[in-house]
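Please read them beside the coordinates.

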Amino acid sequence: MKRRSFIGGALGVTAGPTPAACGGDPRTTPAGGRRGGGATEIVYWLWQDDATDPPWTNLAKGFNASQTDVKVTLETIPLDQYQNKLTTAAMNNTGPDAARCKDWWLGQYAPEGATADLTAFVDGWAAKGDMVEGLWDTGRLPGATDVYMLPHQYVTLYMYYRKDYFDEAGLQAPTTQDEFLAAAKALTKGDRYAMDVRGGGGGQDQWLAWMYAGGARVVDDSGAVVLNDATGVEANQRYLSIVTELNAAPPGSITAAFADVKTNFASGLTAMMIHHPGSLKEMTEVYGDKLGVIPIPGTGTPPARTLGSMSGNIIMANSKKQEAAWKWISWLSEKDQMATMSTSPQGQLPVLTSVMESEAFTSDPNLKVAIDAIPNALTWPALKGVATLAGKEWNPTIQRGFQGELTSQQTLDAMATVLKG
């Protein structure tokens, strides 16, 4: 295997012991991975939004009870530490056999040979045909066909809006970005604003959802970075203009993180908010039938695009128990387990057509907006530079754009340079 050269500077990675390494590497068992002829023991790393919530623990117990060949042990790591620990483990050839992984981390791991190529496993998997076809790309490198991550839980971003605010202003919900900007101007008055631009932590996802809706792409079909082409510059200019021309974002918006965005929308300070279905239950409780949900306004030309974000599963290339690890991660992505996780408090959107078409995901019209966006949604591409851009460079760059220090072209040129590494 080639020497790995992860970009650790953007992540603050330092080599050191990992949870699995502290007790000895579980992958150094005899050939076949069985201890004393028993089940093959594998270690699986994950993060949980709520570590007290039982779905993951219950699924592991169910898997272990359902067969005698493989026994999985879960190791839960806080999300704010997770990527660093996984990167360190990959660098040191330690860590788990399989792990939960975000799509935009894949560009750090797969090109360096840290994650196993799952293509042969996938080709022989009985549930392959149930997967939403376009979601396979979330586990591939740009321009390639090999699969390095098995899709598991997904979200798409859309727009929440106050129906009563729009009715008061005599406006229809916007379907294009030009209509959005016209509505933003009309809705901003007194102590009311149109929408937060979220220039702080995590805001790159909201921004990219807007960019995709506006016709922009990060990479073309060959994997070349095209974020800063003419279409991207126009979409970005419309986003910047919410602040620079319309003054339609509330004070502090150019450095706001999601907690601020949610508070401003829930309090009535803003009329619109971009997020995913994770806020649907809470906002429905706050506003009832005053709440509306629509696709993010775009160009008006189908297919409508938005940002999707995948939390999938990978197998570490150095694991000597890859077949056992595949049995676990593929089981997680099969119908019954998918339905269990996707309808749990920590669940997101399912990646299987059979689950997506169930009543749980078709009976709520607001949730259906997110479901309907899945076939055409795009993710952050698996480029090495994405981790640096999202984790370090996006915030100061977009903030300079909001402050008029950079033009839209200069803003995207700077981001494209980071993406190209």
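1. The crossing of α10 and α11 is right-handed. In this predicted model, α10 covers residues 258–266 and α11 covers residues 280–287, and the two pack with an angle of about 25° and an axis separation of 11 Å. Since angles under 35 degrees count as roughly parallel, α10 and α11 are therefore roughly parallel to each other. On the α10 side the contact is made by K262, F265 and A266, and on the α11 side by E282, M283, V286 and Y287. By class, the contact of α10 with α11 has 5 nonpolar and 2 charged residues, with no polar ones.

2. Helix α2 (residues 55–66) packs on helix α12 (residues 322–332) at about 125°, and their axes lie 11 Å apart. That angle makes α2 oblique to α12. The crossing of α2 with α12 is right-handed. From α2 the contact takes in W56, L59, A60, G62, F63 and S66, while α12 supplies K327, W328, W331 and L332. Sorted by class, the contact of α2 with α12 has 7 nonpolar residues, 2 polar and 1 charged.

3. Helix α17 (residues 384–402) and helix α18 (residues 408–420) have axes 9 Å apart and an angle of about 165°. Angles over 145 degrees count as roughly antiparallel, and α17 and α18 are therefore roughly antiparallel to each other. Their crossing, that of α17 and α18, is right-handed. In α17, the residues G385, V386, T388, L389, E393, W394, T397, I398 and G401 meet T411, A414, M415, V418 and L419 of α18. The contact of α17 with α18 divides into 8 nonpolar, 5 polar and 1 charged residues.

4. Which residues are the closest to the centre of the second largest pocket? The volume of the second largest pocket is about 620 Å³. Its lining holds 28 residues, and the closest to the centre are D137, V219, D221, L378 and T379. The lining of the second largest pocket splits into 16 nonpolar, 5 polar and 7 charged residues.

5. Where is the cis peptide bond next to P303 located? The bond runs from P302 to P303, and its omega is near 0°. P303 is found in the loop between β8 (291–294) and β9 (308–315).

6. N93 is not a glycine, yet its phi is positive, at about 60°. N93 is in the loop between α3 (79–92) and β3 (98–102). When checking the backbone, please look at N93 with its positive phi together with the cis bond from P302 to P303.

Key:
Residues are numbered from 1 along each chain as its sequence is written. This is a predicted model: local features need pLDDT of at least 70, side-chain atom pairs count only at pLDDT 80 or more; totals for chains, interfaces and linings use all residues. Side-chain values use heavy atoms; hydrogens and water are left out. On a 1 Å grid over the protein atoms alone, a cavity is a set of points where a 1.4 Å probe fits but cannot get out, and a pocket is an open set with protein on both sides within 12 Å along at least five of seven lines; lining residues have an atom within 4 Å of a point. Grid points are joined across faces, edges and corners, and a volume is the space filled by probe spheres set on the points. Ala, Val, Leu, Ile, Met, Phe, Trp, Tyr, Cys and Pro count as nonpolar, Asp, Glu, Lys and Arg as charged, and the others, Gly among them, as polar. Axes are lines fitted to C-alpha atoms, for helices over the stretch in contact, and angles run from 0 to 180 degrees between N-to-C directions. Helices (H or I, at least four residues) and strands (E, at least two) are DSSP runs, numbered from the N terminus. Angles under 35 degrees count as roughly parallel, over 145 as roughly antiparallel, 65 to 115 as roughly perpendicular and the rest as oblique. A crossing is left-handed if the near helix is turned anticlockwise from the far one by less than a right angle, and right-handed if clockwise. Contact means heavy atoms within 4.5 Å.
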